[in-house]
Each structure stands twice: as C-alpha cells, then as structure tokens.
Amino acid sequence: MTPRKIRVLVGKPGLDGHDRGAKVVAAALRDAGMEVIYTGLHQTPEQVVEAAVQEDVDVVALSILSGAHMTLFPDVLELMKQRGASDRLLTGGGIIPAEDMETLKQMGVGRLFGPGSSTQEIVHYIRDWFGATHGQESLAPLPPARMAEPMTFEPEVTPRRVESRSPRRSAVKVASRRARPARPRRKPARPRRKPAAARSSRPGARTASRRPKKARTVARRVKARKTARRAKRAR
Ligand code: B12
C-alpha cells in the first residue's frame, strides 16, 4: 500500500465555546502532515458524524470542555456504528476526569487527552493507531519540523528600573512600563517675557498692568461715570 495522508475530522459538539484547544490540536495535526477538517463550534453529534462520513475521515477527534463528554462521546460512537464507521478511530480531549476517560475507553472510545497534553503525543498516538490499522507502509513520513517564526514585534511591556524616592522603601524597585516609541525631543523653551513693571518706567504702571485688560476698561468707565455725576451735582 502506498503511503497516504491521515484524514482527521476535529469536531466541537454541543454548546461548548472553548475552541482554543481544538484549533491548537488541529494546527499540530496539520503540521504533522495530516489532512484536517475542523467542524467549527456548536455541532450536533449527527452533524459531526455526517461530516465524518461525507469526508471519509480515518479519525473523528472531539474537543469537549463543557462537561458533557459522557453524553456526547457515546452519542457520536453510536452514530458512527449506525453509519458503518466503527472501524474509524474516535478520540479527543478536553476537561475529562480520569475515571470518565476509563469508562469511555471501556465503551470503545480511543485515548483522551486532558489539559497540558503535548500535541506531539497526540500526533504520535494517531500515527501509531493508523500504522497499526492500515500497516506501517501506508504511513507517510513526518514532514520536517517547522521552524519557529522569529519574533519581529516589540514586547508590549518592558521592565524598567525605578529609583524609589522614599528612604523607607527599598532603594530600587522594578516597575513595568508600556514600550512606546521614543518621543521627539522638545524644542528648548523660549525665554520668558519680562514683567510689565520691569518693562515700563511709568510710575504706577505696575498696579495697572497687573490688572487684566477687561478689568482696567471697566474701572476706567466707572471712574468716568463718577466724575460726570459729581460735575452734574456741582451744577
Ligand atoms: C480560556 C478559557 C475560557 C475562554 C475560552 C476561549 C476560547 N476561545 O477557547 C472563555 C473566557 C471564553 C471561557 C468561557 C467559559 N468557561 Co472556560 N476556561 C478557559 C481555561 C482557563 C483555559 C482553556 C484553554 O483554552 N486552554 C488552552 C488549550 C490549548 O488547552 P485545552 O483546551 O485544554 O486543550 C488541550 C487538551 O484539553 C487537549 N484537547 C482539547 N481539545 C482536544 C481535541 C482533540 C481532538 C484532542 C486529541 C485533544 C484535545 O489537548 C489540548 C492541548 O494540550 C479553562 C481552564 C483550564 N485550565 O483548562 C477554563 C474552563 C474550561 N472554563 C470553564 C467554564 C465553566 C467556562 C464558562 C462556562 C464560564 C462561565 N460561567 O461563563 C464559560 C463557557 C463559555 C462557552 N461558551 O462555552 C471550566 C469548565 C468546567 C468543566 N467543564 O467542568 C474550566 C475548566 C475552568 C474551571 N476550572 O472551572 N473559558
């Protein structure tokens, strides 16, 4: 038999919205040379099994973090039997207690993986099952490991050493600061204007010039009105 790609359906059955694990596992299986179909969120067991039959996959891999694994795995397993797909592997992972993993295994479900499982372990488990079921000659070699992309972005938070001003606190503490591009240097400030009193040689200019312009105009008008009233009375 000629080697061929392993076909995997990654399914998210039920109301579970945790899709990070499913996407991480799907990406790891794809990087290991498998053909991966991801169903997306909120699928019924019927939809998952229908997609598996239509796509003729070797492996049905479910991700369940909602706690509904004891209903969803047996439902999918039963539907796979009904659709003549019981020779395919049903595996998966998520938040599944060890005793539930054991019970599901007794029912015919494959190995299940909990939080923190290595994706390489998952890849090897599926490859081992495929090799054992279809013969080692049907197993395509693993593609070369993908090199990690070099980091091209600036870290958002950079440590900064801050001198503490308080003698009671430790002399130096480490604070974090958002990394910002360096600000352009400010222009040197213009020399401040001399106060009006210093500029003017007129006596009394100091008090007058200190008042705001509007106040000065009002004061002048009041004075003029008073003088006019006095002149009227004198007449
Ligand atoms: C991130 C997170 C969220 C995010 C989800 C973001 C997203 N898009 O995925 C948000 C904030 C949305 C969220 C919401 C909720 N969450 Co939440 N969440 C988590 C948290 C902290 C981490 C999950 C995660 O992404 N891990 C990282 C991935 C890479 O790991 P993983 O999914 O576990 O996948 C690994 C394995 O499980 C396994 N695996 C998983 N899937 C598959 C599939 C296959 C095919 C295979 C082979 C292996 C495999 O391999 C993966 C690699 O190691 C967990 C706690 C925890 N430590 O697990 C709680 C947790 C899953 N959440 C929980 C809960 C209760 C909720 C909410 C109901 C809270 C609420 N009351 O609103 C909601 C439900 C939202 C919904 N619509 O379903 C509970 C679930 C309890 C349970 N089932 O018994 C947990 C366990 C927290 C807790 N300790 O109580 N959550």
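We'll start with the ligand and then follow the helices.

Two bits of housekeeping come before that. This is a predicted model, where local features need pLDDT of at least 70, side-chain atom pairs count only at pLDDT 80 or more, and totals for chains, interfaces and linings use all residues. Residues are numbered from 1 along each chain as its sequence is written. Helices (H or I, at least four residues) and strands (E, at least two) are DSSP runs, numbered from the N terminus.

Find the ligand. There are 27 residues around the ligand, and G17, G21, A61, S63 and G93 come nearest; here a residue is near if its C-beta atom, placed from the backbone, lies within 6 Å of the molecule. α1 (20-31), β3 (59-64), β4 (89-94) and α5 (119-134) each supply at least two residues of this shell, and α1 gives the largest share, 5 residues. By type, the shell splits into 10 nonpolar, 14 polar and 3 charged. In that count Ala, Val, Leu, Ile, Met, Phe, Trp, Tyr, Cys and Pro are nonpolar, Asp, Glu, Lys and Arg are charged, and the others, Gly among them, are polar.

Now for the helix pairs. Two packed helices are described by the angle between their axes and the distance between the axes. The axes of α2 (residues 45-55) and α3 come within 9 Å and cross at roughly 40°, which means α2 is oblique to α3. Axes are lines fitted to C-alpha atoms, for helices over the stretch in contact, and angles run from 0 to 180 degrees between N-to-C directions. Under 35 degrees counts as roughly parallel, over 145 as roughly antiparallel, 65 to 115 as roughly perpendicular, and the rest as oblique. At this contact (C-beta atoms, placed from the backbone, within 7 Å), P45, E46, V48 and V49 in α2 meet L72, D75, V76, L79 and M80 in α3. Those residues divide into 7 nonpolar, no polar and 2 charged.

Move along to α3 (residues 69-82) and α4, which pack at about 15° with axes 11 Å apart, so α3 is roughly parallel to α4. Here H69, M70, F73, P74 and L77 in α3 meet D100, L104 and M107 in α4, a contact made of 6 nonpolar, 1 polar and 1 charged.

How much of α4 is buried? Of the 10 residues of α4 (residues 98-107), the number buried is 1, so this helix lies largely in the open. Buried takes 20 or more other C-beta atoms within 10 Å of a residue's own, exposed takes 12 or fewer, and partly exposed is in between, with C-beta atoms placed from the backbone. Just after α4, G108 takes a positive phi of about 120°.

Notes. Two residues are in contact if their C-beta atoms, placed from the backbone, lie within 7 Å.
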